[in-house]
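I opened this notebook to keep track of what I looked up in one structure. The entries follow the order in which I went through it.

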Amino acid sequence: MNTILKTIALGVSLSLTLPVLTQAESYTIDPSHSFVKFETSHLGVSKLSGRFNTIAGKLKYDPAVGEESQSVEVSIDTTSLDTNWADRDKHLRSGDFFNVAKFSNATFKSTKFSGDASGGTLTGILTFLGVSKNIDFPIKKIGEGKDPWGGYRVGFEGTYKMTRKDFGMDFNLGPAAELVDVTLQIEAIKDK
Amino acid sequence: MTSEIKKKSFSFSTKLLHWLIAGHMIGLIVSGWWIVELSFYSSWYYLAPTLHKSFGVMVFLMGLILLLNKFRKRPPPLESHTKLEKLASKFAHLLLFASLITIPVSGYIFTTFTGQNVSMFNTFDIPAVLVTSEKIRDLAIEFHIYVSYGIAVVVFVHAGGALKHHLLDKDRTLRRMLW
């Protein structure tokens, strides 16, 4: 009797959760329209920005289903960093900063989203320079809709204020450059 | 100095270039080793790389002329040199000349990769004209580092050989590069 009840309960709960899992629409990040940018202060005088040219990832987005259906997974090829100055790029790629010879990838995998269709707070694990840290940052939807070529797209933007030395990147660039704004600006196409 | 000895000496331009290049090479290898360790707040942070590149261009040009001299007016090896010595010195010279051309070129490749020019002593620019791929850029960086340190060893062997001839064999090998 007890087992029958348990089976029924399991069946009911499965039938409730399964549609949620299957209904969440999955999207693939469009690398040609997605940008991971980083920006920090230069001597407190101005700002320096750069970007990673090679990123990949997937996201699940289905606001009708609810918060738990939203997730994102991004992989960033750190060897593709570009600040439009070859000497600086060379230094940034070295062990003083990104150490790309050892850590050629940085990943972010969301574990939780709270918010609605227009945006909210994304929580997840950022793995960078071999350090995995639980982080959260605000994210907002830029827009969504059909594209002219038969696909359906959605775009998000969010900025995480990173303390460099939390990930072991402690090359002294002065007190104004301890924090780096890392901006994820992604466009994704719905999987068919 | 008899004319016979003079004939076996290197030409004035070769001697001048040889010693200028020797000074440049030592300075460039040492400064390269030092530059990568400079802190952001060092007053040399900008100046040192500019000077390193400028002298690098100079050594490249001098290397080309010295290479021309080598084919144009090079005295034969001394009769007292053994076959092995001739072969070893030939090999060392080949490596030194190859590095004189390829180390500056590799530096030029990665420093101009995103299109920035090479500033010559902050007075004029050498334009960025080589378009390469990221793979070549990465290879050029590795090459520039490891071949430079490698050639430092060859420089020691080369100088050690000259000193051996001067101090132990007491022949004109070193002297004919001096006067």
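**Entry: the lining of the second largest pocket**

I sorted the lining residues of the second largest pocket by type and got 25 nonpolar, ten polar and eight charged. I note here that the model is a predicted one. For the volume of this pocket I have about 1,200 Å³. Its lining is made up of 43 residues, and those closest to the centre are H18(B), H93(B), L96(B), H158(B) and A159(B).

Next I asked which elements of chain B each supply at least two residues of this lining. I found α2 (12-35), α3 (47-72), α4 (83-111), α5 (134-169) and α6 (175-178). Which element gives the most to the lining? It is α5(B), with eleven residues.

**Entry: chain B as a whole**

I then stepped back to chain B. I counted six helices and two strands in its secondary structure. Read from the N terminus, the order of the elements is α-α-α-α-β-β-α-α. I put a box around the C-alpha atoms along the principal axes, and it came to roughly 55 × 35 × 25 Å. Chain B has 179 residues, and 37% of them count as buried.

**Entry: a nonpolar patch on chain B**

On the surface I looked up a nonpolar patch formed by I26(B), V30(B), W33(B), W34(B), W44(B), L47(B), I145(B), Y146(B) and Y149(B). Together these residues have about 930 Å² of accessible area. Both α2 and α5 of chain B supply at least two residues of the patch. The most comes from α2(B), which gives four residues.

I located Y149(B) in helix α5 of chain B.

**Entry: the cavity**

How many cavities of 30 Å³ or more does a search of the whole structure find? The search finds one. I have about 150 Å³ for the space in this largest cavity. I listed 15 lining residues, and Q70(A), F113(A), L122(A), I139(A) and F156(A) are the ones nearest the centre. In chain A, β4 (55-60), β5 (71-77), β7 (105-116) and β8 (119-128) are the elements that give two or more residues to this lining. By type, I sorted the cavity lining into nine nonpolar, four polar and two charged residues.

I counted 17 salt bridges over all chains. I went through some of them one at a time.

The salt bridge between K190(A) and E25(A) has its closest N and O atoms 3.9 Å apart. I placed K190(A) in strand β11 (residues 179-190) and E25(A) in the loop between α1 (2-23) and β1 (26-29), so the pair ties together parts of chain A that are 165 residues apart in sequence.

I then took the salt bridge between the side chains of K140(A) and E157(A), which is 3.6 Å from N to O. Here I found K140(A) in strand β9 (residues 131-146) of chain A and E157(A) in strand β10 (residues 152-163) of chain A, a link between distant parts of the chain that are 17 residues apart.

**Entry: a salt bridge in chain B**

For chain B I looked up the salt bridge of D138(B) with R137(B), where the closest N and O atoms are 2.7 Å apart. D138(B) has a relative accessible area of 29%, so I put it down as partly exposed. R137(B) has a relative accessible area of 5%, so I put R137(B) down as buried.

Conventions. Residues numbered from 1 in each chain as written. Chains lettered and ligands numbered in written order. Predicted model: local features only at pLDDT ≥ 70, side-chain atom pairs only at ≥ 80, totals over all residues. Heavy atoms only, no water. 1 Å grid on protein atoms, 1.4 Å probe; cavity = no way out; pocket = protein on both sides within 12 Å on 5 of 7 lines; lining within 4 Å. Points joined across faces, edges and corners; volume = space filled by probe spheres on them. Nonpolar A, V, L, I, M, F, W, Y, C, P; charged D, E, K, R; others polar. Patch = residues over 30% accessible without salt bridge, like charges linked within 9 Å, V, L, I, M, F, W, Y side chains within 5 Å. Areas by Shrake-Rupley, 256 points an atom, 1.4 Å probe, with all protein chains shown as cover. Salt bridge = Lys/Arg side-chain N within 4 Å of Asp/Glu carboxyl O. Buried < 20%, exposed > 50% of the residue type's maximum accessible area, 1.4 Å probe, protein only.
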